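Here is a short report for a reader meeting this structure for the first time. Please keep the sequence and the 3D view open while reading.

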Amino acid sequence: MSTATEPQTPAPEPPMTRNIQEVPVSNRVLREILRGSAVTTVLAIVLALVVGGVLIAITSPDVQASAGYFFARPGDTLGAAWTVVAGAYTALFNGSVIDFSATDFWSAVKPLGSTIAFAAPLIAAGLGIAVAFRVGLFNIGARGQMLIACAAAALVTFQLNLPPIIQIPLTLIIGIAAGALWGGLVGLLKARTGAHEVILTIMLNYVAFYLVTWLVQVPQLLQRPGQIQPISRPTPANAVLPKLPGLDLIDWGFPIVIVATLFVWWLVERSSLGFRMRAVGENPSAARAAGISVPRVYIYAMLFSGGLAGLAGMFQIQSTITGGFDGGIDAGIGFTAITVALLGRSRAWGTFWAGLLFGALKAGSFPMQALQSIPVDIVLVVQSLIVLFIAAPPLIRTIFFLPKDDSERSQRAKARIARRASKNSDSSDTKAAAA
């Protein structure tokens with residue numbers, strides 16, 4: 001009896017292996033670097049300088065004169081534009097970093113001392129703004145906090161006549177404490193009443209300005225004896241920050257601001273309070289659900305923010321302006337610090353380097369105006385453009401052909417999916433209508 005043989009099932013063939021080449025590690029690392037915020041920030045600064053150069057060129061009388069016969073001799077216009085832009089930025093560099101025309105070393109590095117002098121209060125106030133930003137608060141009251149710090153320090157310490165080793169730190173402590181209390185008042189009102197911190201800080205700026213303006217008009221309080229001008233008595237010599245040993249260009253304000261930067265970095269990034277502050281800044285409702293006291297964090301944040309602004313005020317009266325002050329002692333630092341904090345992306349060291357950059361722009365703007373007849377306002381335009389480009393990373397990546405970051409790629413993917421879904425829905429509706 002013969003049996004039918006069952007067909008043998010063939011053994012499955014091994015799957016076809018495609019020759020897929022992995023992306024080299026160096027390419028992935030380069031892509032991540034180009035996506036990073038540091039590269040975007042540097043390119044934003046470069047682009048702002050380029051646009052500033054264009055503005056310098058088109059406002060130059062020499063360039064305008066040569067532009068009248070541009071099509072006859074375009075080289076004259078381009079050469080004049082290059083000359084004026086190169087001269088402006090050379091003067092900016094020589095006035096803020098190193099003066100290559102100087103005859104000795106100390107004269108050559110003297111501009112660096114000016115940059116640091118301008119940068120120290122900007123960094124301190126910027127750190128205060130950055131701390132508030134990390135908690136989700138918009139502190140625009142650094143001006144008022146600086147003014148109150150200066151007034152309190154002058155009222156309490158200017159007539160003590162103590163040894164410098166006591167008078168200098170005491171003046172610093174009084175100023176920092178006064179600024180912290182003025183900022184903490186905003187945090188307290190925000191926490192207890194829910195009032196918006198922007199309105200509170202704007203109003204307290206006016207209160208501080210007119211209070212200091214009144215104080216320097218009263219001889220029994222802050223007005224300089226024997227004067228009718230509304231100005232305070234000068235900072236005592238034993239309260240002025242001394243120069244660093246062996247460095248006549250830099251005083252102790254710069255080491256103090258480095259310590260302040262380290263403190264803010266530790267506070268926000270490493271401490272338990274900093275963790276709560278960052279949690280509140282990311283999502284107050286989730287932080288509250290996790291057991292974090294959001295009102296208390298608001299008070300702490302504004303105390304630290306106001307104290308750092310007060311430190312900036314101390315740099316003003318103990319280092320930069322020691323001949324007496326009035327309601328304009330803040331010199332616009334309180335508002336420029338907002339730009340510094342934004343440029344530093346509310347990080348401690350980012351704010352530090354942003355403050356140095358803005359200090360260099362400030363220090364170099366005066367030689368640029370004196371030597372090249374370039375208005376100081378051009379520097380303000382460059383600062384504004386830097387912040388504008390920092391606030392638009394997709395624009396920077398598009399201009400410089402940088403790879404998209406994950407958020408931009410996900411947004412484009414979502415938009416693509418939405419378009420496909422809309423197209424499929426339209427085609428289905430068309431078929432249904434035809435049927």
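## The model

This is a predicted model.

## A nonpolar patch on the surface

Start at the surface. Six names belong together here: Leu262, Phe263, Trp265, Trp266, Trp349 and Trp353 form a nonpolar patch. Together they have about 640 Å² of accessible area.

Two helices each supply at least two residues of this patch: H9 (253-269) and H14 (348-372). Helix H9 gives the most, with four residues. Trp265 lies in helix H9. Its relative accessible area is 32%, so Trp265 counts as partly exposed. Trp353, also one of the patch residues, reaches 56% relative accessibility and counts as exposed.

## Aromatic pairs

A pair of aromatic rings is described by the distance of the centres and the angle of the planes. The count for this model comes to eleven aromatic pairs. One of them joins Phe263 and Phe304. Their ring centres are 5.9 Å apart and their planes stand at 55°, so the pair is tilted. Phe263 lies in helix H9 and Phe304 in helix H12 (residues 294-320), so the pair ties together parts that are 41 residues apart in sequence. Phe263 is partly exposed, at 36% relative accessible area. Phe304 is partly exposed too, at 26%.

Phe352 and Trp353 form another aromatic pair, an edge-to-face one. Here the centres are 5.2 Å apart, with 85° between the planes. Where do the two partners stand, buried or exposed? Phe352 has a relative accessible area of 5%, under the 20% limit, so Phe352 is buried. Trp353 has 56%, over the 50% limit, so Trp353 is exposed. Ring pairs also link Phe254, Trp349, Phe352 and Trp353 into a cluster. Two members of that cluster, Trp349 and Trp353, are listed in the nonpolar patch as well.

## A charge over a ring

The charged end of Lys190 sits over the ring of Tyr298. The distance to the ring centre is 5.6 Å.

Asn205 lies in helix H8 (residues 197-215). With a relative accessible area of 6%, Asn205 is buried. Which residues is Asn205 in contact with, leaving aside its neighbours within four places in sequence? They are Ile140, Gly141, Ala142, Arg143, Gly144 and Phe335.

Ser346 is found in a loop, between helix H13 (333-343) and H14. Its relative accessibility is 14%, so Ser346 counts as buried. Residues up to four places away in sequence are again not counted. Beyond those, Ser346 touches Ala130, Phe133, Arg134, Ala341 and Thr351.

Glu282 lies in helix H10 (residues 272-282). At 70% relative accessibility, Glu282 counts as exposed. How many residues separate Glu282 and Gly136 in sequence? The answer is 146. In space, the two are 7.4 Å apart, C-alpha to C-alpha.

Technical notes: Residues are numbered from 1 along each chain as its sequence is written. This is a predicted model: local features need pLDDT of at least 70, side-chain atom pairs count only at pLDDT 80 or more; totals for chains, interfaces and linings use all residues. Side-chain values use heavy atoms; hydrogens and water are left out. Patches are made of residues with over 30% relative accessible area and no salt bridge: like charges are joined within 9 Å, nonpolar side chains (Val, Leu, Ile, Met, Phe, Trp, Tyr) within 5 Å. Accessible areas come from the Shrake-Rupley method with a 1.4 Å probe; for residues, only the protein chains shown count as cover. A salt bridge is a side-chain nitrogen of Lys or Arg within 4 Å of a carboxyl oxygen of Asp or Glu. Buried means under 20% relative accessible area, exposed over 50%, partly exposed in between (1.4 Å probe, protein chains only). Contact means heavy atoms within 4.5 Å. Rings of Phe, Tyr and Trp (its six-membered ring) pair if their centres lie within 6.5 Å; planes under 30 degrees apart count as stacked, over 60 as edge-to-face and the rest as tilted. A charge sits over a ring if NZ of Lys or CZ of Arg is within 6 Å of the ring centre and within 35 degrees of the ring normal.
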